[in-house]
There are 2 protein chains.
Amino acid sequence: MINLPAEIIDGSKIADSIMNTLRDSFKEQQDKTGKQARLVLILIGKDEGASTYSRAKIRRGEKLGVRVDLIKPDESISEAELAVEIGQLASDPTVTGIMIENPVPKHLSFSKMTDLIPFYKDIDGTSSTNQGRIVNRQEFLVPATAAAVVRILSNYPELTKSILTIVNRTPVVGRPLSQMLLNRDYTISVCHSKTPDVVIYTRRSDVVISAVGKPNYFDDEMINPDCTFIDVGINYVDGKVTGDANYQSLVKWVKRITPVPGGVGPITATLIFENLLKAFNYQNLNSGKM
Amino acid sequence: MINLPAEIIDGSKIADSIMNTLRDSFKEQQDKTGKQARLVLILIGKDEGASTYSRAKIRRGEKLGVRVDLIKPDESISEAELAVEIGQLASDPTVTGIMIENPVPKHLSFSKMTDLIPFYKDIDGTSSTNQGRIVNRQEFLVPATAAAVVRILSNYPELTKSILTIVNRTPVVGRPLSQMLLNRDYTISVCHSKTPDVVIYTRRSDVVISAVGKPNYFDDEMINPDCTFIDVGINYVDGKVTGDANYQSLVKWVKRITPVPGGVGPITATLIFENLLKAFNYQNLNSGKM
């Protein structure tokens, strides 16, 4: 059997193209309204991934001509104190979007805190209302990681009819992604840490989306050679970022693969600003109502 | 091969047992608070299924000592007029729960109208907020049909580890069910009308949950003999109600099956009142906040 090397999906290139469109749209909308779009990130604690991700957004905000502020409350902040802070940002008309960086320290409930953000300022789309709008086919602000995967897949419309497995059931990736894919006529399977045998799903799938959080988890024994492998995993090995794939194995085996870094990540950080633009437009169109 | 006849899951019996518990709980809570739980059903149009379902709830309300009112606005009511009506019920402290019977006439958006009901009065749990609470693992009021399927499956805990397929992607059945099952550690696949080949999912599944809306859709060629077949379909054939199964074929073939009528239906109508009880308790515990 001849193994052609995989097509390596270039997430940075896709992200750059979205950035160009967004820069123009922000300029146009900000000029038209005379207002500045503003994203406030709330980073609590010392999680390495969360810090990196917030810095990526600050850099992208600069490129887009959009204000991004980083608030770093003390790690010991209580839910009541954080609620006051969120309440002030919610009612501040200069704040377009609010995002709590995930994960938060264990004494805080991420979903409870996110539900304090009004749905039209909930920039990562993880509040109950925005999640439920996806379920009810009324998508508005959607979790950016899920949106990034949808964006990649949209380049291969024939995959809509394929067998597809998501290996993740979190509210930031697997769950909204499953619902967004159903909205786009995909048939889906969702596996997770309690699935007895993930391989019986992944081996027959032509699309596998993995956010397992284990480096070298998927190799050519678990994946079929026609597979488009979307790697959402972010793992740190010897100070380097790596995905869930045994990349050296899969890149010689599968049909397409997203690298880590340079795959899903840059698109995700960019689509945060697509949400910000939607929120900005919504708030300016509906300013009389709020 | 020996075909043992299927275990026929008796939904009416399960429903009766839930009714007994609910009757006691309503009595206790209503006595304690000196208040009456009250459900308002809004039925618009002449859909046969919706009429039947509202009558079933009125009968069950009587048995539970709970007030159930049926409002039948004119079929031509506009979204704006309906919004006013819902707003009045939302702010009426004597109204514990509101439910818009599905389907509504085509000029009305079911999801838009349901989103006008406060989440704590949204008795079928189909508003964005309640759907999103399921996604975020904060289940409160949940769609009763999905809850009925979960209740049936909970009697067979070994099925948590099986291969399970839902054939439906609507916001009232397949979607909330997929999320509720993920919350309970099931691995799920969701098929629908755009799935190229449903059989490659159903034939290897040990649990199939069908809400296709086509009589005689599933027979022994499409289902494996170890299957627990949950039939959520409601079809009218020659004036009789029937499910999605070719029942005569499957009842001799599968391991377990729910009949139609007498399977999922009575449990669904009962679980509406489990939601009403939750809403009643929530409103009385939180009356200072509303």
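User: Which residue in E6(A) is the bridge partner of A:Ile166?

Analyst: The partner is A:Val190. This is a predicted model, in which local features need pLDDT of at least 70 and side-chain atom pairs count only at pLDDT 80 or more, while totals for chains, interfaces and linings use all residues. Residues are numbered from 1 along each chain as its sequence is written, and chains are lettered from A and ligands numbered from 1 in the order in which they are written.

User: What makes strands E5 and E6 of chain A a pair?

Analyst: Strands (E, at least two residues) and helices (H or I, at least four) are DSSP runs, numbered from the N terminus, and two strands pair if DSSP finds at least two bridges between them. E5 (residues 163-167) and E6 (residues 187-191) of chain A have 5 bridges, in the parallel sense, so they meet that definition.

User: What joins E6(A) to E6 of chain B?

Analyst: These strands run antiparallel and are joined by 3 bridges; A:Ser189 has B:Ser189 as its bridge partner. Both strands belong to an open sheet of 12 strands with mixed pairing. At its edges stand E1 (7-8) of chain A and E1 (7-8) of chain B, each with a single partner strand, so one side of each lacks a neighbour in the sheet.

User: Why is H10(B) called mostly covered?

Analyst: A residue is buried if 20 or more other C-beta atoms, placed from the backbone, lie within 10 Å of its own, exposed if 12 or fewer, and partly exposed in between. In H10(B), 16 of the 22 residues are buried, so the helix is mostly covered.
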